[in-house]
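The following exercises are to be worked with the sequence and the coordinates at hand. Each task is followed by a solution in steps.

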Amino acid sequence: MISRILGYIEEGFLNLLITLMTLLVFIEVIARFFFNTGFLWIQELTLTICGWFVLFGMSYGIKVGAHIGVDAFVKKLPQGPRRITALIAVTICLAYCAMFLKGSWDYLSQIYQIGIGMEDIDVPSALMKHMSDDFAWDVMRIDPEDPAIPLWLSQSILIIGFGMMVWRFVELAIAIFRGTSVGFSFHDEAKESMHLADGPQEAENDNNDGAKS
């Protein structure tokens with residue numbers, strides 16, 4: 001149940017991010033080519049959204065099998081050894097995520113303590129009016145005199161993204177233990193390429209059949 005709700009949230013959030021990123025890039029292109037101007041905050045916001053999209057999408061890719069992997073050898077193993085191999089791979093992935101979570105926590109803690117803000121994006125003035133100076137700095141690390149959005153907030157996806165990946169790997173490990181999965185599911189580029197290649201040929205055959213009839 002939790003996994004299903006999490007999946008809906010992931011899909012909706014990823015759709016929102018890619019939509020926002022597309023709109024921002026479109027606005028920036030129009031502004032530059034037709035009005036000879038640009039917006040620095042759009043560039044920074046687009047890069048931030050792109051980072052959120054990639055890191056948030058990594059865990060979703062594990063769920064739907066969108067990652068690319070080499071499993072030619074593993075597929076030839078019997079079911080028992082294949083499950084053991086998959087558990088070893090999941091353990092390695094969890095260790096990898098744990099290292100990144102530790103590094104991300106240390107990095108975000110340092111920029112939080114220093115109070116580094118984004119370069120071109122400020123906190124809306126309407127929001128700053130309802131925020132005391134003590135709360136702004138002591139809690140949010142926002143300088144009241146230069147109210148830039150704190151960098152730790154925009155880059156918190158480092159913790160969120162790798163935390164979501166840990167959840168997906170743990171979920172996969174449980175499925176392997178229960179016998180409902182034999183391991184990772186990977187994106188098959190060769191199969192997709194053959195499908196794309198067969199598509200035009202099938203369409204041409206259909207057109208020829210229609211012409212003959």
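**Conventions.** This is a predicted model, in which local features need pLDDT of at least 70 and side-chain atom pairs count only at pLDDT 80 or more, while totals for chains, interfaces and linings use all residues. Residues are numbered from 1 along each chain as its sequence is written, and side-chain values use heavy atoms, with hydrogens and water left out.

**Exercise 1. Determine the span of helix α2, where α2 bends, and what follows α2.**

Step 1. Helices (H or I, at least four residues) and strands (E, at least two) are DSSP runs, numbered from the N terminus. Helix α2 covers residues 40–64, 25 residues in total.

Step 2. The expected span of a helix is 1.5 Å times one less than its number of residues. From first to last C-alpha, α2 reaches 36 Å, close to the expected 36 Å.

Step 3. The bend at a residue is the angle between axes fitted to the seven residues ending there and the seven starting there. By this criterion, α2 bends by about 35° at methionine 58.

Step 4. The residue after α2 is glycine 65, with a positive phi near 70°.

**Exercise 2. Describe helix α3, its buried residues and what covers them.**

Step 1. Helix α3 comprises residues 79–114, and its 36 residues reach 52 Å between the end C-alpha atoms, close to the 52 Å expected.

Step 2. Ala86, Val90, Cys97, Ser104, Leu108 and Ile111 are buried in α3. Their cover includes α6 (151–154) and α7 (157–178).

Step 3. Phenylalanine 184, in the loop between α7 and α8 (189–212), is in contact with Ala86, Ala89, Val90, Cys93, Phe169 and Leu172, leaving aside neighbours within four places in sequence. Its C-alpha is 7.8 Å from that of leucine 172, at a separation of 12 residues in sequence. Phenylalanine 184 counts as partly exposed because its relative accessibility is 24%.

**Exercise 3. Is asparagine 36 buried or exposed, and is arginine 141 buried or exposed?**

Step 1. Asparagine 36 is not a glycine, yet has a positive phi of about 55°. This asparagine 36 lies in the loop between α1 (2–35) and α2, and at 73% relative accessibility it counts as exposed.

Step 2. Arginine 141, likewise not a glycine, has a positive phi of about 60°. The loop between α5 (133–138) and β2 (148–150) holds arginine 141, which is buried at a relative accessible area of 13%.

**Exercise 4. How many salt bridges does a search of the whole structure find?**

Step 1. Side chains of opposite charge can pair when their charged atoms come close. The search finds 4 salt bridges.

Step 2. One of them joins arginine 168 to glutamate 10, with the closest N and O atoms 2.3 Å apart. Arginine 168 is in helix α7 and glutamate 10 in helix α1, so the pair ties together parts 158 residues apart in sequence. Both arginine 168 and glutamate 10 are buried. Glu10, Arg168 and Glu171 are linked in a network of salt bridges.

Step 3. Arginine 32 pairs with glutamate 28 in a salt bridge with a closest N–O distance of 2.7 Å. Both lie in helix α1, 4 residues apart, about one turn of the helix. Arginine 32 is partly exposed at 44% relative accessibility, whereas glutamate 28 is buried at 9%.

Step 4. Lysine 102 forms a salt bridge with aspartate 106, the closest N and O atoms lying 2.7 Å apart. Lysine 102 and aspartate 106 are separated by about one helical turn because they are 4 residues apart in helix α3.

Note on methods: Buried < 20%, exposed > 50% of the residue type's maximum accessible area, 1.4 Å probe, protein only. Contact = heavy atoms within 4.5 Å. Salt bridge = Lys/Arg side-chain N within 4 Å of Asp/Glu carboxyl O.
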